Amino acid sequence: MKHFLLASFAIAGLAATAAAQAGRAPPADTIRMRQANYKQMAGAMKGINDQLRSESLSLPDVRRHSALIARHAVQVLNWFPHGTGPEAGVRTRAKAEIWSDPSGFRTAGARLLVTARTMDAAARRGDLPAIRAAMPRLQSACGGCHEAYRGPDR
Amino acid sequence: MSAAPPFQARRIAIWDLPTRAFHWLVVLLVPAMWWTAEEEMMDLHILLGQTMFGLVLFRIFWGLIGSSTARFAGFVRGPRAILSYLRGDGKARIGHNPIGALSVVALLTLLSIQVGLGLFASDEDGLYQGPLSHHVSLEASETLAERHETMFDVLLIFIGLHVAAILFYLVIKRDNLVGPMVSGSREAGEGEAPMAAAPLWRFLIAAGAALALTLAIATGL
């Protein structure tokens with residue numbers, strides 16, 4: 001019974017995620033999902049920065065973080081179906097500009113993808129100077145998009 | 001005054017160069033740090049923050065081994081001395097008066113807290129971190145970043161009080177405190193002796209220790 005319950009929860013969860021990714025989920029679910037994903041990316045960014053600061057850098061850790069960022073970066077543009085903006089009635093900092101300036105938003109998304117893949121490739125090679133060089137570009141891809149398409153907190 | 005002094009009023013040293021340099025560097029750094037935070041120039045903000053860390057650390061060391069008027073033991077007074085100063089029966093002396101001492105302690109404490117919070121802070125996106133933030137989680141360093149923002153407002157209030165006090169002395173008491181903080185000296189009152197200046201080697205110890213600790217932190221302690 002316990003296993004059946006767990007399994008059905010897992011299936012429901014997977015279905016919700018898949019539906020959210022496809023943009024058919026209720027806006028609130030999509031918003032929650034993308035916020036959780038961005039939070040994971042934030043953790044991964046700090047994770048890489050932490051490693052770059054630590055005395056004994058762990059490449060496997062850097063790779064785990066860079067892989068997560070690259071994996072999410074592919075998806076980012078799918079996280080903003082119509083109806084998940086300020087009009088959704090749920091707390092979201094997504095600005096209306098995401099939908100009124102789709103080409104600008106796509107460019108920002110592409111920039112994230114390129115910089116995230118550069119970082120991930122450097123991490124896989126274990127090329128420390130390249131990881132260090134990729135960091136400011138990735139930071140500015142994230143920060144630049146937030147500035148244009150994310151509203152203030154509260 | 002019945003008899004004019006036969007010579008020009010004597011000028012005496014009251015603030016040494018390190019104390020003045022510290023003061024004016026902080027005056028430059030605080031708005032620069034506010035501006036870089038506001039404009040999200042975080043790399044620069046963090047670099048300036050490490051500079052501030054070194055300066056505050058130096059001032060604390062200088063408060064232990066510096067010139068007479070820079071030393072905490074020389075100017076931090078208890079409540080009795082503060083009350084007696086407020087009643088006006090405290091002896092005039094060079095250096096911080098008991099109330100000014102409170103202001104120095106408050107501002108140095110707030111600066112220390114502010115720098116301390118910044119060392120461990122991170123933005124919510126994990127993009128930029130203080131040099132010691134790898135010792136704490138993203139959640140913790142986000143919370144510290146929020147405190148860092150709030151603490152700046154507290155710092156501003158105390159800076160406002162500090163400036164208001166200086167204006168009060170200038171306008172009401174006709175005593176210009178800014179001039180001596182620039183030149184280091186002022187006209188001597190009756191029977192006033194200059195500060196006892198600390199020798200260079202003491203400065204080298206304080207500055208060297210502050211610099212060493214700052215570099216240790218900046219390079220990832």
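I looked up where H4(B) touches H5(B), taking contact as heavy atoms within 4.5 Å. B:Ala81, B:Ile82, B:Tyr85 and B:Leu86 of H4(B) meet B:Pro98, B:Ile99 and B:Leu102 of H5(B). By class, this contact has seven nonpolar, no polar and no charged residues (Ala, Val, Leu, Ile, Met, Phe, Trp, Tyr, Cys and Pro count as nonpolar; Asp, Glu, Lys and Arg as charged; the others, Gly among them, as polar). The model is predicted, so local features need pLDDT of at least 70 and side-chain atom pairs pLDDT 80 or more, while totals for chains, interfaces and linings use all residues. Residues are numbered from 1 along each chain as written, chains are lettered from A in the order written, and side-chain values use heavy atoms, without hydrogens and water.

I then took the geometry. The axes of H4 (residues 79-87) and H5 (residues 98-120) of chain B come within 8 Å and cross at roughly 125°. H4(B) is therefore oblique to H5(B) (under 35 degrees is roughly parallel, over 145 roughly antiparallel, 65 to 115 roughly perpendicular, the rest oblique).

Next I went to the chain interface. I found 16 residues of chain A in contact with 17 residues of chain B. Four salt bridges are counted between the two chains (a side-chain nitrogen of Lys or Arg within 4 Å of a carboxyl oxygen of Asp or Glu). I noted the one between the side chains of B:Glu142 and A:Lys39, at 2.9 Å, N to O. Helices H2 (27-53) and H6 (128-149) of chain A each supply at least two residues of the side touching chain B. H2(A) gives the most, with eight residues.

How values were computed: Helices (H or I, at least four residues) and strands (E, at least two) are DSSP runs, numbered from the N terminus. Axes are lines fitted to C-alpha atoms, for helices over the stretch in contact, and angles run from 0 to 180 degrees between N-to-C directions.
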